[in-house]
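Here are my notes on this model. Please read them with the structure open.

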Amino acid sequence: MKAGFVGIFGKPNAGKSTLLNTLLGEKLAIVSSKVQTTRHRIKGFLSKPGEYQIVFSDTPGIIEAKYKLHEKMMGAVKSALEDADVAILLADVTDDLESCDALFQSLHLKVPVIVVLNKKDKVGKEVLQNAIHFFESKPYAKKVLAIAALQQQKTDELVNSIVDFLPEGAPFYPEDELSDLPTRFFVSELIREKIYTLFEEEIPYHVAVLVNEFKEKEHLIKIQADIIVNRDTQKSIIIGHQGNKIKEIGTLARKDIEAFLGRKVFLELFVKVRPKWRDNDLFLKEFGYH
Ligand code: GDP
Ligand code: MG
């Protein structure tokens with residue numbers, strides 16, 4: 001039996017959350033084309049009973065901290081770095097490879113590193129080969145693989161390589177569990193994702209979601225959540241003309257939450273203004289950014 005912790009690191013938008021979801025066959029991490037969608041460290045378990053358990057950590061993309069929220073996000077990266085047995089360094093193959101290399105070197109990893117080039121579907125053979133050679137020449141790369149996380153290409157090979165590098169040991173978590181995070185967390189993330197989908201530019205970065213009520217009833221689950229913003233103007237944007245935007249958020253989120261929980265859901269959303277929540281330790285704690 002092999003078991004260990006595997007951190008997925010890389011720049012924002014490399015496809016870290018997509019990769020986690022593909023590997024686990026379940027939507028644990030929210031995905032968007034906007035940077036900084038992932039704010040927490042999300043752990044997901046991939047177990048093959050009797051053979052292996054991989055404890056993956058999806059992490060926020062590595063950025064410079066502008067707000068306390070960003071410091072908490074980078075804390076999530078740091079803690080995943082500290083307990084990794086194997087590191088996956090993920091690069092978008094269409095990105096500037098020199099800058100990816102600089103970032104990877106700056107992590108000073110002491111554990112086996114698999115460099116994974118993602119989005120291979122977007123480039124031709126020659127570009128891909130050059131990128132593979134580029135990273136194969138780097139001393140920190142124990143192995144270099146090219147995948148397309150979104151299209152599930154070569155992701156089984158990636159799992160095999162990870163297992164090769166994993167230490168011998170007993171599983172850390174029950175083998176039928178997928179994550180150690182509470183259901184409420186995934187519910188709030190699915191709501192937050194809809195805000196990334198429906199709103200342009202800055203709005204998503206001003207938003208946090210807090211699930212206040214999660215009650216299992218006979219025929220459905222009743223969920224009440226607050227959408228937290230910084231300013232009144234943002235509140236009006238989220239609510240929309242005659243409430244049409246918040247309704248849209250609610251409908252899309254409810255469908256995803258129902259699919260995730262496998263139950264009917266009644267979802268109630270409120271919008272609340274909490275000025276400067278991104279720089280307020282108490283709010284950050286309340287919203288789950290530890
Ligand atoms: P993260 O910031 O690293 O977690 O990146 P996400 O997982 O949120 O993905 C960022 C964007 O890249 C999303 O629009 C994904 O759909 C897209 N993406 C992820 N993997 C692939 C891939 O293999 N091919 C293509 N073409 N797009 C991908
Ligand atoms: Mg992400």
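1. Helices (H or I, at least four residues) and strands (E, at least two) are DSSP runs, numbered from the N terminus. Helix α1 (residues 16–24) gives the largest share of the shell around ligand 1, three residues.

2. This is a predicted model: local features need pLDDT of at least 70, side-chain atom pairs count only at pLDDT 80 or more, and totals for chains, interfaces and linings use all residues. Residues are numbered from 1 along each chain as its sequence is written, chains are lettered from A and ligands numbered from 1 in the order in which they are written, and side-chain values use heavy atoms, with hydrogens and water left out.

3. Around ligand 1 there are 18 residues (a heavy atom within 4 Å). Asn13, Gly15, Lys16, Thr18 and Asp121 come nearest.

4. A nitrogen sits 2.8 Å from a side-chain N or O atom of Asp121. Ligand 1 alone exposes 590 Å², and the protein buries 88% of that (Shrake-Rupley method, 1.4 Å probe).

5. Two domains are assigned: domain 1 (2–165) and domain 2 (183–286). The bounds come from an automatic or database domain assignment. Their centres, over C-alpha atoms, are 28 Å apart.

6. At the domain interface, 18 residues of domain 1 contact 21 residues of domain 2 (heavy atoms within 4.5 Å). In domain 1, Ile30, Lys34 and Arg39 lose the most area to domain 2, together 33% of what that side buries (accessible area lost on putting the two parts together, 1.4 Å probe).

How values were computed: A polar contact is a pair of N or O atoms within 3.5 Å; within protein, one must be able to donate a hydrogen and the other to accept it, and residues adjacent in sequence count only if both atoms are side-chain atoms.
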